[in-house]
Amino acid sequence: MLAVDTGVVEEWLSEFKTLPEASISSYAASLKDKTALISSLYKVIQDPQSELLEPVCHQLFEFYRSGEEQLLRFTLHFLPELMWCYLAVSASRDLQSSGCIEALLRGVYNLEIVDKEGHNKVLSFTIPSLSKPSVYHEPSSFGSIALTEGALSQHGLSRVVYSGPHPQREMLTAQNRFEVLTFLLLCYNAALSYMPAVSLQSLCQICSRICVCGYPRQQVRKYKGVNSRIPVSSEFMVQMLTGIYYAFYNGEWDLARKAMDDILYRAQLELYPEPLLVANAIKASLPQGAMKSNKEGTRCIQVEITPTSSRISRNAVTSMSIRGHRWKRHEQPENGNDATELGNFIIPEISVTSVAGERTGNGEKSRALAENDVQHLQGVQETATDPRTDSKGMPEIRRQKSVILI
């Protein structure tokens with residue numbers, strides 16, 4: 001480390017200790033703009049033998065448990081680099097050099113698994129339904145879905161997956177290491193929208209390093225420092241892909257593409273189905289060319305938006321289509337009886353029975369009779385002509401006696 005970087009870090013360490021309580025919020029808001037401090041902190045974390053590593057880890061932990069939201073995010077900013085340093089030192093079996101980093105990771109984990117009252121938290125995740133639109137899909141793109149009784153019973157129901165409660169950890173071992181790191185990476189992914197570009201770059205780089213170290217691809221990537229393989233779990237790789245998918249559309253296309261290829265390479269070697277499924281799904285959904293996005297601009301993912309105008313398929317089963325189908329079924333016999341031949345001028349008989357042959361109720365009899373009489377008179381008026389004007393050449397209209405069937 002240069003003397004300038006050491007001076008910047010030492011000033012940062014002493015500044016927070018003498019800071020009054022009322023100035024913490026403004027101090028936390030100004031940290032994200034201190035690029036020189038952030039660069040110096042990365043250099044300290046990347047050097048396990050640095051004398052400043054232990055006080056820096058202690059300061060970051062104090063930030064995290066202070067309760068100030070922006071101080072908490074500042075600590076999460078360095079979480080990918082802290083994970084890589086811890087795994088690299090663990091792979092070299094030099095656990096004494098990573099004692100302060102392990103204490104920081106374990107402390108953040110123990111704080112995150114409990115609420116403010118000290119009770120274990122249970123996280124819930126709602127799996128979206130494919131029948132409802134979201135930012136990731138449109139139901140219309142799947143084509144027509146069979147409207148069965150089972151589909152109707154599942155419509156509108158959401159499946160909720162729970163995670164936790166997680167146990168407290170007093171030390172990290174080979175058995176619980178990736179359980180803790182997976183949960184920490186989950187917390188980092190929950191704050192991805194607040195992470196700066198340098199943190200996303202660090203995430204992509206450490207994902208590539210973790211997946212290829214100790215394998216032939218390490219020579220292709222030209223990674224130096226760690227030559228032994230770093231074991232990973234399937235759940236940890238899925239969380240890495242979550243962050244990389246965000247980095248794709250936020251200015252880090254090249255690094256994210258390289259990291260995803262390396263994760264896919266490692267998942268194929270380990271035969272992990274979950275990361276293989278997620279990585280291939282991300283790869284299939286990516287556009288053909290690189291995203292030319294502004295790193296300082298709006299961060300977004302391009303999706304298809306449902307148009308504002310109502311667009312209902314002709315084959316869709318709705319209440320209106322069912323009602324119209326019912327009307328057509330009731331009108332077919334009536335249209336057959338009411339159809340008159342213009343050459344014979346036959347007036348149909350009036351019936352007050354229903355189409356299906358069922359008798360109408362007492363309250364409906366008079367109403368149906370009145371409606372049919374109106375239809376009968378209208379039919380006579382439409383077919384009859386004025387004898388004073390068109391009496392020649394027209395056949396005589398003979399009125400038939402109406403028969404009422406009761």
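Mentor: Let's start with Arg-169, which sits in the loop between strand S2 (159-163) and helix H9 (177-190). Keep in mind that this is a predicted model.

Trainee: What makes the pairing of the Arg-169 and Glu-179 side chains a polar contact?

Mentor: Their separation is 2.9 Å. A polar contact needs a pair of N or O atoms within 3.5 Å, so the pair qualifies.

Trainee: Which other residues does Arg-169 touch, leaving aside its neighbours within four places in sequence?

Mentor: Besides Glu-179, Arg-169 is in contact with Arg-106, Tyr-109, Asn-110, Asn-176 and Val-180.

Trainee: Which residues of H6 meet H10, and what kinds of residue make up the contact?

Mentor: Pro-80, Glu-81, Trp-84 and Leu-87 of H6 meet Ser-199, Ser-202, Leu-203, Ile-206, Arg-209 and Ile-210 of H10. Six of the contact residues are nonpolar, two polar and two charged.

Trainee: How do H13 and H14 pack?

Mentor: Helix H13 (residues 253-270) packs against helix H14 (residues 273-285) at an angle of about 145°, with the axes 9 Å apart. H13 passes H14 in a left-handed crossing.

Trainee: What is the make-up of that contact?

Mentor: The residues of the H13 contact with H14 are seven nonpolar, two polar and two charged. Among them are Met-260 and Leu-264 in H13, and Leu-276 and Ile-282 in H14.

Technical notes
Residues numbered from 1 in each chain as written. Predicted model: local features only at pLDDT ≥ 70, side-chain atom pairs only at ≥ 80, totals over all residues. Heavy atoms only, no water. Axes fitted to C-alpha atoms, helices over the stretch in contact; angles between N-to-C directions. Helix = DSSP H or I, 4+ residues; strand = E, 2+ residues; numbered from the N terminus. Left-handed = near helix turned anticlockwise from the far one by under 90°. Contact = heavy atoms within 4.5 Å. Nonpolar A, V, L, I, M, F, W, Y, C, P; charged D, E, K, R; others polar. Polar contact = N/O pair within 3.5 Å; in protein donor to acceptor, adjacent residues only side chain to side chain.
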